[in-house]
Amino acid sequence: MVEKVLHAIQDDYPDDFAWCYGCGRLNETGHHFRTGWQGDQTVTLYTPKPEHTALPGFVYGGLIASLIDCHGTGSAALALHRKNGFEPGDDQGAPRFVTAYLNVNFHKPTPHGVQLKAVGRVEEIHPKKFKVAAEVFADNILCASGEVIAVVMPSSFLKEG
């Protein structure tokens with residue numbers, strides 16, 4: 001059974017910030033990672049494509065790192081959005097985060113051909129900086145884990161004039 005994230009924080013990112021190759025809904029060739037709540041944890045689901053192969057039968061590690069990266073920033077956005085009194089789908093622009101730190105640990109080769117599930121726990125460590133611990137599972141087997149320090153996107157990232 002393939003799970004789905006119905007209400008993803010990425011759906012609420014302002015258009016100017018929806019172009020990320022990993023999670024941007026407006027990037028036609030991107031992965032389109034979608035992060036939502038599952039109880040008190042965050043979840044991102046993704047089924048790798050044939051081109052995401054490292055060796056026949058296994059997923060390329062860079063895709064796993066990208067999944068943890070975008071899951072971390074999406075999880076931080078979910079947490080701050082909720083703290084501000086909103087949930088995905090409330091028609092409120094969501095806060096946008098960027099990665100300040102990314103660490104990925106590979107535990108087992110990740111099999112190709114199955115849906116991956118990134119599960120996260122969010123810990124606020126500063127009003128503009130969140131720490132997210134993530135685990136990536138394939139068929140309920142832990143394949144990778146990571147940590148993301150995500151910071152609120154600086155206003156200098158906005159287009160001028």
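I looked for disulfides, taken as a pair of cysteine sulfur atoms within 2.5 Å. The structure holds zero of them. I checked Cys23 next: its sulfur lies 3.8 Å from the closest cysteine sulfur, in Cys20, which is too far for a bond. Cys70 is in no disulfide either, with the sulfur of Cys20 the nearest at 3.7 Å.

I note the ground rules here. This is a predicted model, where local features need pLDDT of at least 70, side-chain atom pairs count only at pLDDT 80 or more, and totals for chains, interfaces and linings use all residues. Residues are numbered from 1 along each chain as its sequence is written, and side-chain values use heavy atoms, with hydrogens and water left out.

I then looked up burial (buried is under 20% relative accessible area, exposed over 50%, partly exposed in between; 1.4 Å probe, protein chains only). Cys23 is buried at 2%. Cys70 is buried at 5%. Across the protein, buried residues make up 43% of the 161.

I turned to the fold. The order from the N terminus is β-β-β-β-α-β-β-β-β.

I also asked about contacts, meaning heavy atoms within 4.5 Å. Of those with a separation of 6 or more, 64% join residues 24 or more positions apart. Last, I took the extent: the C-alpha trace spans about 45 × 30 × 30 Å along its principal axes.

Definitions and conventions. Helix = DSSP H or I, 4+ residues; strand = E, 2+ residues; numbered from the N terminus.
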